[in-house]
Amino acid sequence: MNNGIGNKIKQLRESFNISIDDLASSTFSSVQELSNIEEGTEIPSLSTLAQISNVLGVRLGTILDGTEPVSPVISKNTDHNNVIKSSGNNNQIISSLAQGKTDRNMDPYVINVDYSDPEKDIHFSTHEGEEFLFVLNGSVVIYYGNKQIELSCGDSIYYDAIVPHRLSSKSSDSSAKVLAVKYLP
């Protein structure tokens, strides 16, 4: 498994003199989970990465990027090499579309979303910033605060990410594909 993300988190955490205990407490993660992430034995969800980047005071792309070229970043359909598969109860495969863009203010992703049982998956994401989702194919349900919002192909939603939220395909026998753009101040 590629441990670039884990190494980057550990490097940033240590450079800011933040203990793994403090990072765990601030991100609502366990010390063991963060240790596994840093060692490369567990791949974090996008939500966990967003929380970690927020606590470390860096943009999400800083954790995901290896280098930062000055020129425009082009992402071809055939070279989505920066793929993150969420582990645990998470139901997403995430492809970064702007890996390497210098000083970006947004983080665009394509997310393949599987079904997540609302009775079993109670993990919600909450972080600073805003998110925009556009359904490329399939249908999804976004749980936003105490609301349940259904979106179909061509539908979109723009929301404040501080409100607890999570995403699932609409039914257990189908998946969906979503363009997601996150803005983290």
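**View 1. Isoleucine 9 and its contacts in the predicted model**. Let's start at isoleucine 9, which touches Leu23, Ile37, Glu38, Leu49, Ile52, Leu56 and Ile63, with residues up to four places away in sequence not counted; contact means heavy atoms within 4.5 Å. Ile9 is also among the residues with the most contacts inside the largest nonpolar core, together with Ile63 and Leu133. That core has 35 residues, a nonpolar core being a set of buried Ala, Val, Leu, Ile, Met, Phe, Trp, Tyr and Cys residues joined through side-chain atoms within 4.5 Å. Buried means under 20% relative accessible area, exposed over 50%, and partly exposed in between (1.4 Å probe, protein chains only). Helix 4 gives the largest share of this core, five residues.

**View 2. Serine 53 in helix 4**. Here we look at serine 53, which counts as buried because its relative accessibility is 1%. Leaving aside neighbours within four places in sequence, Ser53 is in contact with Val58, Arg59, Leu60, Ile63 and Leu184. Helices (H or I, at least four residues) and strands (E, at least two) are DSSP runs, numbered from the N terminus.

**View 3. Helix 3 and asparagine 36**. Helix 3 spans residues 31–39, and its buried residues are Leu34, Ser35, Asn36, Ile37 and Glu38. What covers them includes helix 1 (4–15), helix 2 (20–27) and helix 4 (46–56). Asparagine 36 counts as buried because its relative accessibility is 17%. Not counting residues up to four places away in sequence, Asn36 touches Thr41 and Glu42. Asn36 and glycine 6 lie 30 residues apart in sequence and 8.3 Å apart in space, C-alpha to C-alpha. After helix 3 comes glycine 40, with a positive phi near 85°.

View 4. Strand 5 (residues 139–144) is joined to strand 6 by six bridges, and valine 140 stands opposite leucine 151 in strand 6.

**Notes for all views.** In this predicted model, local features need pLDDT of at least 70 and side-chain atom pairs count only at pLDDT 80 or more, while totals for chains, interfaces and linings use all residues. Residues are numbered from 1 along each chain as its sequence is written, and side-chain values use heavy atoms, leaving out hydrogens and water.

How values were computed
Two strands pair if DSSP finds at least two bridges between them.
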